[in-house]
Amino acid sequence: MAPLLHTWALLLIVLFHFNHLSESQPFLGVNYGEVADNLPSPDATAKLLQSTSFEKVRLYGTDPAIIKALANTGIGIMVGVANGDIPAMATDPNFAKNWVSSNVLPFYPASKIIHINIGNEVLLSGDQNLMSKLLPALQNLQNALDSVSLGGKIKVSTVHSMAVLSQSDPPSSGLFNPGFGDLMKGLLEFNNATGSPFVINPYPFFAYQSDPRPETLAFCLFQPNAGRVDSGTKIKYTNMFDAQVDAVRAALNAAGFKGVEILVAETGWPYKGDSNEVGPSLENAKAYTTNLISHLRSMVGTPMMPGKSVDTYLFALYDEDLKPGPGSERSFGLFKLDMTMTYDAGLSKTSQTTPSTPKTPVTPANPANPAPKENKPTFCVPKQGVTEPELQANLDYACGQGIDCGPIQPGGECFEPNTLASHATYAMNLLYQKSGKDPQACDFSQTATFSSANPSKLPNQMKFQILLFVLELSISHVWMRFAGYNGCQYPA
């Protein structure tokens, strides 16, 4: 009986997971900056956030009006301690306690404060006093939270620039700048001891600005490209975001902190900029944001962290008209001041379809591989002899285009057989079908071909568990619940 009860529990977990997967996107957040004099009211913004897929919002400070407006919305809130408050918080434990008493306790738990960031890119400030005070400030704030029983509920960390890495290309060679030495080690030990994430700001936009070639743009925008092979792992990366995040992962591993998770506090692409800026455009911003969201939703993960999506806060909710710097700095807003979308990135809860994204030219369909006539079902499958790196690249690309790759995740109806070839085939074919059977969608750099045979496989192990459960317990309503289960079905 115990094995049967275990099977029943597993089935319930699987059902719960699939019922909520499309609704819950806890990895997706947004930055809400206030360097502006024309922003919508906090209450209006709270309603806007509730209409989107964002489940978390990052504030750079502790504006009480905003925190109150987010009460009872269920939206997680990341708040910030200003760089200027770091010395006082580091030297006076009472300052940290008073900070918690003023900025957390009056609102929590109705306002779901989940994270506190102390400072922003402090290690790159060059201010030695600020840098030396950062770790003591983190420790004092952690102690203040512990004293009111919130230490395990609210995480404490600091935000880093990608420039803390001395090496990031290829991703597997990622290393922290040795000049930070004991300071970085102390910060990582704090993350490890408290379970807080290492928080980073990766911007493929800036990577493109430093290398403005067409192939780099496609790589940064998650669009079709030749990819870049990591000389250390031989893994082909198909987008810059994964490469940047994995470089941080490699640096953490090399420093001996494999258990410390990564959180992306900022990433985005400006929709306009000054005439001398390379990269800002509405088309590029829509492509980056839409494709990044699709990539995160696919749960494919990165090559070094497969099968999960790193928590990511998009930059930014609104434009901030008072920010200094080039025009692009004031043009990251996903929403306009009248609450309409700057561009449709598929963030609205009322929209069930992924918007089309700007495309770049793909390799023309192979003349030796013509699309079959439409008088019978056709499927897109890998060619014989395709290598695993090519399959992985095809899988990553397809799932990053907004298709539903949930069925090939653990517990999904198409997860078995659990092989790279099977998962890549499913994703490649689904992308082909969703494109309206556009022959170019079954090219994949000439590693795909057409087939009239459905390549689907039945997940026999799961089906056997269900039948065993039904037969031995003879519960008719369970049979009715699963009677329509036909295994993995490839769309045609």
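Analyst: Two strands pair if DSSP finds at least two bridges between them; helices (H or I, at least four residues) and strands (E, at least two) are DSSP runs numbered from the N terminus. This is a predicted model, in which local features need pLDDT of at least 70, side-chain atom pairs count only at pLDDT 80 or more, and totals for chains, interfaces and linings use all residues. Residues are numbered from 1 along each chain as its sequence is written, and side-chain values use heavy atoms, without hydrogens and water.

User: Which residue in S8 stands opposite His-160?

Analyst: Ile-200 stands opposite His-160. Strands S5 (residues 155-161) and S8 (residues 198-201) pair in the parallel sense over 3 bridges.

User: In what order do the 8 strands close into a barrel?

Analyst: The order is S1-S2-S3-S4-S5-S8-S11-S14, with parallel pairing. From one strand to the next, the twist averages 25°. Axes are lines fitted to C-alpha atoms, for helices over the stretch in contact, and angles run from 0 to 180 degrees between N-to-C directions; contact means heavy atoms within 4.5 Å.

User: Which helix lies across S5 and S8?

Analyst: Helix H7 (residues 181-194) does, running at about 145° to S5.

User: Is Phe-222 buried or exposed?

Analyst: Phe-222 is buried, with a relative accessible area of 5%. Buried means under 20% relative accessible area, exposed over 50%, and partly exposed in between (1.4 Å probe, protein chains only).
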